[in-house]
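The exercises below concern one structure, shown next. Work through each task before reading its solution.

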Amino acid sequence: MSGKTGDRKVKYYLESSGYTPPQQYGFTAGKSTVDDIKAVSEHVSSCRKIGQKCCLLALDIAGAFDNAWHPGILAQLWKLNCLPNIYSLVRDFLRERTAHVAMGN
């Protein structure tokens with residue numbers, strides 16, 4: 001199975017199972033970065049109008065799987081009754097991943 005096919009299957013599973021929150025803009029059909037910025041701007045504006053303070057937390061998850069606890073991810077997928085083919089796809093993706101750090105020479 002190609003990477004793009006696997007990506008589409010994971011995306012379909014998450015969306016159809018309701019695991020994708022409405023605040024998800026990245027990799028979501030019909031939503032863009034512009035939509036995300038607009039939603040944040042509108043939220044800040046509405047908070048200011050009623051005198052509330054608000055806070056924005058932004059996370060860059062590039063390389064997230066490199067730093068995540070793989071057994072925990074797989075255990076959570078199992079607990080959520082993830083479809084076997086999706087579970088296998090994620091398991092295979094996480095299998096034997098390594099990170100290399102070079103210090104100095």
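Predicted model: local features only at pLDDT ≥ 70, side-chain atom pairs only at ≥ 80, totals over all residues.

**Exercise 1.** Does His-70 count as buried or exposed?

Solution. Start with the position: His-70 belongs to helix H4, where helices are DSSP runs (H or I, at least four residues) and strands likewise (E, at least two), numbered from the N terminus. Next, take the relative accessibility of His-70, which is 18%. Buried means under 20% relative accessible area, exposed over 50%, and partly exposed in between (1.4 Å probe, protein chains only). His-70 therefore counts as buried.

Residues are numbered from 1 along each chain as its sequence is written, and side-chain values use heavy atoms, with hydrogens and water left out.

**Exercise 2.** Find the salt bridges and state which residues they join into one network.

Solution. The criterion is a side-chain nitrogen of Lys or Arg within 4 Å of a carboxyl oxygen of Asp or Glu. The structure has two such bridges. In one, Arg-91 pairs with Asp-92, with the closest N and O atoms 3.4 Å apart. In the other, Asp-92 meets Arg-95 at 3.2 Å, N to O. Through shared partners, Arg-91, Asp-92 and Arg-95 form one network. Asp-92, at 42%, is partly exposed, and Arg-95, at 45%, is partly exposed.

**Exercise 3.** Classify the aromatic pair of Trp-78 and Tyr-87: which geometry do the rings have?

Solution. A pair of aromatic rings is described by the distance of the centres and the angle of the planes. Rings of Phe, Tyr and Trp (its six-membered ring) pair if their centres lie within 6.5 Å; planes under 30 degrees apart count as stacked, over 60 as edge-to-face and the rest as tilted. The structure holds one aromatic pair. The ring centres of Trp-78 and Tyr-87 are 5.6 Å apart and the planes stand at 70°, so the pair is edge-to-face. As to accessibility, Trp-78 is exposed, at 62%, whereas Tyr-87 is buried, at 16%.
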